[in-house]
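Hi,

Here is the structure I promised to pass on. Have a look at it first, and then read my notes below.

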Amino acid sequence: SLTAGIVGLPNVGKSTLFNAITKAGAEMANYPFATIDPNVGMVEVPDKRLDRIQELIPAKKVVPTTFEFTDIAGIVKGASKGEGLGNKFLENIRQVDAIVHVVRAFDDDNITTVTGKVDPIDDIETINLELGIADLDAVNKRLGKVQRAAKGSDKEAKAELAVLNKIKPVLEAGGSVRSIAFDEDEQKIVKGLFLLTSKPVLYVANIAEEDMADPEHSKYFPAIKEYAEKEGAQAIGVAAAPEEEIAQLDDDEKKEFLEAEGVEEPGLNRLIRASYKLLGLQTFFTAGGKETRAWTFKKGTKAPQAAGIIHSDFERGFIRAEIMAFEDLDKYETPAAVKDAGKLRLEGKDYVMQDGDIVEFRFNV
Ligand code: GDP
């Protein structure tokens with residue numbers, strides 16, 4: 001399954017945020033690997049559509065969908081020099097599908113930073129520099145091989161050489177591969193290079209509690225957002241410490257806390273949804289009967305493979321899928337009314353699943 005890795009300099013609030021995330025998914029503790037690897041946590045995806053479906057098509061139980069976060073600790077500075085733990089840090093980042101990059105964006109003299117100051121852009125650049133140097137090493141090694149092959153008539157080598165030559169100067173200037181525009185063919189080549197700075201990233205500003213109600217007004221946030229936008233990335237503000245507290249409260253207490261802070265929903269929910277999107281994940285639903293449930297699929301997944309997420313037999317014996325869009329159920333309020341409006345669709349094996357599809361799969365056993 002896909003995983004988002006939490007990265008950042010020491011003492012910026014990574015563990016606090018990771019704890020908040022895993023506490024929010026506390027019932028998930030009996031997932032076997034959550035106990036095997038303390039650095040991996042399952043998180044439930046907050047989705048108001050589930051409540052609405054349950055209201056319209058009541059089921060015995062409602063099950064939200066989940067995905068994975070990985071806490072990537074370790075040495076950052078000098079990592080690209082390949083020293084022991086630093087090497088492991090890069091290796092861990094190589095394993096994740098997207099990066100959640102946490103930076104310190106609150107003032108508190110009692111909590112030290114490794115640099116002795118609060119400077120989120122400098123923090124971002126420190127990490128991105130290490131990742132960029134590691135990528136430049138990889139690109140140079142690859143160039144050595146490909147240059148030779150490209151001298152002949154090897155078309156693939158020529159294409160890869162062109163891509164490598166496009167990437168190299170950007171990395172040399174301290175930039176990230178994700179900031180480069182590639183066409184579709186180039187994208188395939190880039191994907192095969194497994195470069196660290198080509199992974200999608202979400203910058204998370206760990207803001208002060210007093211900015212919780214309006215994260216964008218944190219004095220540090222605008223610069224972080226601007227940096228992210230230049231890279232074609234996103235930035236959000238979350239106050240890690242209070243979020244960890246909120247995550248441990250029961251529903252009533254949570255509501256009280258949020259009202260007192262003047263916040264509509266936990267910032268953690270925004271973080272979870274943004275990370276889910278960053279990974280290219282979407283949700284379909286199965287509704288009614290024993291349980292109404294949300295399921296995670298990778299954008300672009302076709303109907304039989306989506307059926308296979310529920311059970312491999314469903315994929316093998318797939319006949320068709322009966323689908324209504326969540327928006328149509330929301331509007332017409334009963335499955336029968338959706339059908340009467342001509343909005344219930346029968347889809348075959350080439351159908352590309354859409355976010356919000358409510359599905360009943362038909363299959364042979
Ligand atoms: P990590 O090294 O990046 O994992 O950082 P930690 O999560 O261990 O946090 C470092 C210190 O900062 C701890 O003492 C936290 O309690 C504190 N901290 C983390 N987030 C916040 C926050 O949002 N506000 C305040 N005031 N302190 C925080």
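Before the contacts, one convention: two residues are in contact if their C-beta atoms, placed from the backbone, lie within 7 Å. Also keep in mind that this is a predicted model.

Let me start with the loop between β1 (3-7) and α1, where N11 sits. If you leave aside neighbours within four places in sequence, G13 is in contact with V102, R104, N206 and A240. For V12, again not counting residues up to four places away, the partners are V102, V103, R104, D123 and N206.

N11 has 13 other C-beta atoms within 10 Å, so it comes out as partly exposed. The backbone of N11 deserves a glance too: its phi is near 70°, which is a positive value in a residue other than glycine.

Now the ligand. The shell around the ligand has 15 residues, and the closest are G13, K14, S15, T16 and A241. Two elements give two or more residues to this shell, α1 (14-24) and α9 (240-247). Of the elements, α1 gives the most, with three residues. By class, the shell is made up of seven nonpolar, six polar and two charged residues. On the annotation side, an unreviewed UniProt entry places a "binding site" feature at N11, V12, G13, K14, S15 and T16.

E333 lies in the loop between α14 (326-332) and α15 (335-340). With 14 other C-beta atoms within 10 Å, E333 is classed as partly exposed.

Last, a helix pair. Helix α5 (residues 120-151) packs with helix α8 (residues 221-230) at an angle of about 35°, and their axes are 9 Å apart. Which residues meet there? P120, I121 and I124 come from α5, while A223, I224 and Y227 come from α8. By class, this contact has six nonpolar residues, with no polar and no charged ones.

That's what I have for now. Over to you!

Key:
Residues numbered from 1 in each chain as written. Predicted model: local features only at pLDDT ≥ 70, side-chain atom pairs only at ≥ 80, totals over all residues. Axes fitted to C-alpha atoms, helices over the stretch in contact; angles between N-to-C directions. Helix = DSSP H or I, 4+ residues; strand = E, 2+ residues; numbered from the N terminus. Nonpolar A, V, L, I, M, F, W, Y, C, P; charged D, E, K, R; others polar. Near = placed C-beta within 6 Å. Buried ≥ 20, exposed ≤ 12 C-beta atoms within 10 Å, placed from the backbone. UniProt positions renumbered as here; feature names shortened; annotations may be inferred.
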